[in-house]
Amino acid sequence: MESQGMKKITSVWIITILMLFVVSIVLGILMRLNQGGVIQEQTLTFYSNLTTHGLTMIGIWFVAGMMAVNYLMQRYVRTSFAVNLTALIFTVIGVLLLWLSTFAGKFNAAWTFLYPLPFKDFGASSWATTLFLISLAVFGIGWFIWCISLMANILKKYSLAEAFAWQHLRKEHKTDTPPFILITTVTLIGIITCLIAAVIIIVLFFAEMLSQGRFVNDALLMKNLTYFFGHTIANEMLYLGLAVIYELFAEVSGRPKWKTTWYVSLAWNCSLVFILTAFFHHLYMDFVQPEGLQIVGQLASYLASLPAAGVTVFSVFIAVYRTKIKWSLTNVLFFMGIAGWVIGGLGAVIDATITNNVVLHNTLWVPAHFHTYNAMGNVLFSLAFFYWFSTQSLENIRLSTAAKGLLVTLLIGGIGFLLAFYIGGSDSVPRRYSNYPASLKEAKPLALMGASFAIVYLIAILSFFYNISRRCLKILFASA
Amino acid sequence: MLQHELLILFLILAGIATIVFVYVFLSSWRLKEEGGGMKKPLKKRFWFSLILVVVLGIFATATLPRSPYFQYAHESPAKVIHVDAMQFMFYMSEHAIDPKLPVSENIELPANQMVEFRVTSLDVNHGFGIYDSAMHLITQVQAMPGYVNRLRYTFKKPGTYHVLCLEYCGMGHPVMETSFVVK
Amino acid sequence: MFKNIVCFCLAFGACLQLLAQTKVSALDEESNIYHRVFDAPLTESVSGQKGFLSQQYERKPLILALVYTRCTGICSPFLLQLKDDILFNLRDSSFRVVVLSFDPRDSKADMNSLQKRFGLEGNSQWLFATTDSIRSLNTSIGFAPVWDSLRKQYNHEALLVGINSGGYITKKLIGMRSSHDLEKMVTSIHNVFSPSYRLPGSSTLFSCFNYDPKSGRSTPGLGLLFVGLPAGLALLIVILLRLMVRKQTPAVPDK
């Protein structure tokens with residue numbers, strides 16, 4: 001069962017994540033304000049902020065999923081407190097090094113640091129690129145140890161076949177694998193895979209650096225590896241959130257716990273394959289990539305939506321439709337998050353169609369769709385967990401009027417800020433422009449619209465931050 | 001414009017999804033006593049998944065053959081334009097561009113005839129996004145160092161076309177711009 | 001013994017020279033692509049028949065090789081390699097090869113003896129010829145040999161020009177190149193479209209794909225292993241983990 005130590009460290013995680021989240025949102029709003037012409041940032045500042053915003057967001061929502069999964073996993077297997085603490089320390093050091101490289105060193109090659117841009121990074125200090133790569137390595141080491149440790153904990157109790165819930169594919173089986181264990185296994189393998197890809201990228205970067213120009217890397221190979229890592233980790237963190245939903249949604253709703261069935265097992269096993277091949281859609285506009293892989297990219301992106309929609313989303317519908325549920329802020333946030341995830345997925349499937357990608361690739365449509373399933377999906381999953389965690393000991397948590405107001409604020413802010421992105425994408429506004437050329441008439445007003453609604457979103461998040469952190473601090477300083 | 005149609009398609013789909021989610025939510029929220037849940041959920045799940053497979057299958061078969069890699073493959077271009085992208089400018093020429101001494105020319109292209117752009121980069125990854133005179137993105141390709149991508153396109157309307165960089169390439173990314181004329 | 005060493009050194013030097021020849025500025029081959037080749041009048045070296053280049057490419061697409069008979073440098077090895085590649089590696093008769101002298105001093109007889117020397121006299125795929133309009137032809141294909149009066153030799157590149165049946169230059173290869181590159185040229189003169197191609201560059205560490213013109217597909221390069229490797233490694237790690245932890249007794253019973 002959950003130990004006191006684990007409770008305290010989870011509180012520290014939550015407070016850290018929410019603090020970093022607020023800073024990252026502020027950086028995002030500053031970028032939109034700069035694009036709208038309200039404030040004037042130096043170009044270099046804009047792009048180093050872009051880098052900080054991207055990687056910090058990826059980092060915190062990844063660890064948010066991991067620490068939630070780690071906390072809940074103790075219901076099934078014992079997990080290591082020391083490893084959890086190590087991951088926390090590595091994450092904090094990683095963030096500090098990252099911020100040093102971007103805020104002080106002005107590293108500005110974006111969080112994808114697409115080869116060979118870090119070598120030709122104008123305006124950055126000479127040490128910034130190295131420091132940035134080191135900060136990535138620090139994240140990578142901490143997270144890798146964490147994943148391996150959690151995986152080992154699962155495998156102590158479950159055989160590989162059981163962890164993958166393969167026995168559920170047969171009619172008769174003796175043991176049951178909880179869906180939480182199945183999803184965590186599938187997700188952890190995906191994460192280990194993309195962390196290894198990141199290691200290869202960093203090694204190849206350092207190899208070229210140390211060879212002093214004797215050889216260069218293949219830009220196509222590096223791009224494949226970059227998106228293998230980047231796309232996969234961004235998706236796996238959503239799956240971590242889903243693992244939490246499978247575990248908690250029924251529980252907080254006062255319903256019987258979800259069980260693994262043959263289709264749940266099949267869906268999640270398939271997901272592992274699709275998630276590892278869908279990243280090819282990032283290279284549609286690189287005609288040098290063989291057509292076969294481009295087609296695989298589109299098909300895998302389409303197929304990835306099937307288990308998600310047909311199993312997870314439909315299971316949520318079944319659990320809710322005409323069912324008496326104890327609605328609290330936790331399960332409302334889960335439910336809203338699923339809706340955000342589905343709508344972001346719709347935007348993603350439209351963009352993952354090659355013929356559409358020709359006019360949408362690297363326009364604002366791209367940040368539009370991934371902000372949808374992050375800001376209105378994954379963030380809500382994590383906030384739900386944070387809220388549930390911080391109110392565990394409290395009885396009779398009902399959806400108060402204040403909470404309803406908070407949700408409405410979050411929705412209005414989120415929808416407005418995302419719409420500005422979607423409309424910008426359909427108006428061909430390119431992403432990652434610090435200032436827009438005057439010929440793109442709609443770009444500036446849209447940036448302002450985005451910034452204004454993002455401020456509304458931030459207000460809702462600040463309120464969550466205050467409430468959740470207050471309770472987490474109590475847990476942290478409570479005597480055992 | 002394709003992208004405006006896509007926005008409308010997206011808004012319709014997102015609207016339907018929202019309605020479904022709200023409907024499901026209200027069916028539980030408004031419930032006074034146990035409602036009995038969904039009838040025959042497995043059958044409904046099967047049909048839902050099957051419809052999804054069919055819809056996605058139709059989309060894939062309709063769109064994949066129209067991918068840019070296969071377009072104009074069996075035609076000869078009326079003109080070949082060499083494009084070398086560099087931090088933070090585009091060199092465009094009807095002649096091959098010497099990477100040590102890149103020179104740009106004013107480009108004039110014929111309307112209603114297929115032209116080919118041979119796009120490469122002299123340093124980092126760039127994007128070669130072609131915008132029409134109303135600043136709508138009409139086609140694009142990436143410029144990758146060490147490779148030449150061949151983008152084929154037929155411009156239907158005469159006018160000035162703009163080129164913007166569509167891959168983040170460093171702090172000068174937003175000022176990377178050029179244009180050409182179609183007559 | 002000493003003589004052998006000297007010979008070896010000379011041969012080694014010559015090899016280095018050849019290697020140096022193959023290193024070209026990556027984008028030189030891009031010039032004159034899709035320009036129309038000058039329709040030069042030709043004099044065949046065997047029969048002495050007169051005609052035009054267009055009569056050749058209208059029948060079948062062409063690979064045009066430019067040489068001169070008095071060359072003491074690259075022309076012979078270049079021609080030998082081209083012959084070997086076409087006869088032994090490509091075995092493709094869908095195109096013709098025109099070997100044209102760019103030296104005005106070369107006569108029909110000079111080219112004929114060159115053809116004999118390479119054993120290509122009876123081969124209908126090959127045509128050795130001279131022309132009296134070499135300047136216009138050179139301009140149209142971007143070929144610029146420079147006369148070195150001291151060595152009495154031309155300073156020039158080994159150049160192959162691919163010409164499709166419409167008379168357009170579809171591809172150029174500069175320097176001694178692999179049969180692989182030659183295959184790319186053959187597909188290009190048949191107007192087979194490949195949406196992209198790689199620039200010649202030597203120092204790439206691991207390449208992701210290699211384009212195979214025969215099948216028109218890209219085959220995985222060594223670098224692609226790195227894209228597949230993470231998934232394989234992750235699975236291996238998980239299997240190893242299971243083997244390692246299984247020996248221990250289960251730590252905590254289910255709640």
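This dialogue works through selected features of a predicted model.

Student: Which conventions apply to the numbering and to the model?

Tutor: Residues are numbered from 1 along each chain as its sequence is written, while chains are lettered from A and ligands numbered from 1 in the order in which they are written. The model is predicted, so local features need pLDDT of at least 70, side-chain atom pairs count only at pLDDT 80 or more, and totals for chains, interfaces and linings use all residues; side-chain values use heavy atoms, with hydrogens and water left out.

Student: How many helices and strands does chain C have?

Tutor: Helices (H or I, at least four residues) and strands (E, at least two) are DSSP runs, numbered from the N terminus. Chain C has seven helices and twelve strands. Of its 255 residues, 46% are buried, where buried means under 20% relative accessible area, exposed over 50%, and partly exposed in between (1.4 Å probe, protein chains only). A contact is defined by heavy atoms within 4.5 Å. In chain C, 67% of the contacts between residues at least 6 apart in sequence join residues at least 24 apart.

Student: Which strands pair with β3(C), and in what sense?

Tutor: Strands of a sheet pair through backbone hydrogen bonds, either parallel or antiparallel. The criterion is that DSSP finds at least two bridges between the two strands. Strand β4 (residues 96–101) of chain C pairs with β3(C) in the parallel sense over six bridges, and Leu66(C) stands opposite Leu100(C) in β4(C). From β3(C) the chain crosses through helix α3 (residues 75–90) to β4(C), a right-handed β-α-β crossover. Right-handed here means that, with the strands pointing away from the viewer, the path from the first strand over the helix to the second runs clockwise. Strand β8 (residues 159–163) of chain C runs antiparallel to β3(C), joined by four bridges; Gly162(C) in β8(C) is the bridge partner of Ile63(C).

Student: What lines the largest cavity?

Tutor: On a 1 Å grid over the protein atoms alone, a cavity is a set of points where a 1.4 Å probe fits but cannot get out, and lining residues have an atom within 4 Å of a point. Grid points are joined across faces, edges and corners, and a volume is the space filled by probe spheres set on the points. Six cavities of 30 Å³ or more are counted, and the largest holds about 80 Å³. Its lining includes Phe78(C), Leu160(C), Leu173(C) and Arg177(C). The largest share of that lining, four residues, comes from α3(C).

Student: In what order do the strands of the open sheet in chain B lie?

Tutor: The order of the five strands is β3-β9-β8-β5-β6, with mixed pairing. Strands β3 (108–109) and β6 (137–143) of chain B stand at the edges with a single partner strand each, so one side of each is left without a neighbour in the sheet. Strand β5 (residues 126–131) of chain B has six of its six residues buried and is therefore largely enclosed by the rest of the structure. β5(B) pairs antiparallel with β6(B) over six bridges, and Tyr131(B) stands opposite Leu137(B). These two strands form a hairpin with five residues between them, and Met135(B) in the turn has a positive phi of about 60°. On its other pairing, β5(B) is joined to β8(B) by three antiparallel bridges.

Conventions
1 Å grid on protein atoms, 1.4 Å probe; cavity = no way out; pocket = protein on both sides within 12 Å on 5 of 7 lines; lining within 4 Å.
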